[in-house]
Amino acid sequence: MSRINDVGGMQGFPPVEQEADEPAFHADWEAHVFALNRALIGRGVYNLDEFRDAIERMPPQEYLASSYYEKWFRAITTLLAQKGVLTEEEMAGG
Amino acid sequence: MSGDHTGPAATIAARVRHVEGLLEQRGLVDSQELDRALEAFLARASPANGARLVARAWLDNGFRGRLLADGNAALPELGLSMGGGLQEQRLNVVENTEDSHNVIVCTLCSCYPIALLGPSPTWYKSEAYRSRVVRDPRGVLREFGFEPGPEVKINVWDSSAESRYMVLPRRPAGTGDLDEPALAALVTRNGLIGVAPV
Amino acid sequence: MAELFSPGDRVRTSLADPPHHTRLPRYARGALGTVVEHQGRHPLPDRRARQLPAEPEPVYTVRFAAAELFGEGDHTVTIDLWESYLRPAVPEGIR
């Protein structure tokens, strides 16, 4: 089934917005998500294709409402739970 | 102060810290190692690398040919590489000419030569860019203030596999006197993606 | 396993709408394109995403006319596609 990430040619999105002189990461947490993902893939906890797949399986409304690194973090937590590395409860802080 | 790390009301920053902490407890990541890797990545990868390659290609026709034929093999001539990431990816450099212009996108996610150029701009990752540029590249370029003439053929590269793409922009007119660093200073990240002439 | 296609070959992309991860964008399904060059050999991500064994297979850079993809436009779109996504195009004029 066509997934929400597959947007090539899709109509209805707003004009492209540029941010002047934008930093590599807008917040520390973004940089940490970036680094975490590399480390987890490097360690073989999951592979890059599984990671992309996890992003694509986000509910469409959530996908479109999430920022880029929010999508990444969502995929990471999904995979960690799926692979039995951490539980949803642990990650929720409970 | 830092926010409750429980439930949906928690800030994402707190949730990321929490998960990183749990992974560290499990011995799966090391926070110091994460910081080191991040620093190393940001130090080596930036659009300035792309600008240097372009300036050298403008000045040295032999290098230009080698860069276009095999980007990965040519990068070390300037002390650069596509390594340092998860896996070294093939770099394809595509050249703008008088009658052809190239634009890069990854419609499916946001693939980009980050090992060389650093993180892509936020707009490159947006659904707005990814959806429109394959269907209406002239419209998107117009949003960036760039309107190639109708005689210029536009090709959009969708980086859908393992190779990564960078544009070799045309050398602007009237730059015959400039040295390599001055030429490199003319090259923008937007030019390397193809939404600007240089 | 030799490459099925060479630069210049006309190919048609799969029309399939798979229920899993894939790297054939929907806008390029069932489209007629021309192979530009080989792009190495890599395991099929459709299988890797499901942790299925996947031997490296040829990947091709394929060029499509915008009109073929969207019914309008004077540009081309070039996409890197795994061999599994491609079939030889039936030569024009042959039923």
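B:Asp158 stands opposite C:Ile79 in S4(C). The exercises below start from that pair.

This is a predicted model, in which local features need pLDDT of at least 70, side-chain atom pairs count only at pLDDT 80 or more, and totals for chains, interfaces and linings use all residues. Residues are numbered from 1 along each chain as its sequence is written, while chains are lettered from A and ligands numbered from 1 in the order in which they are written.

**Exercise 1.** Find how strand S3 of chain B is joined to S4(C).

*Solution.* Strands are DSSP runs of E, at least two residues, numbered from the N terminus. Take S3 of chain B, residues 153–158. Four bridges join this strand to S4(C), and the two run parallel. Now pick a residue: B:Trp157 has C:Thr78 as its bridge partner.

**Exercise 2.** Describe the side of chain C that touches chain B.

*Solution.* Count contacts (C-beta atoms, placed from the backbone, within 7 Å). Here 17 residues of chain C meet 16 residues of chain B. Strands S2 (32–43) and S4 (76–82) of chain C each give two or more residues to this side. S4(C) gives the most, with seven residues.

Notes. Contact = placed C-beta atoms within 7 Å. Pairing = 2+ DSSP bridges.
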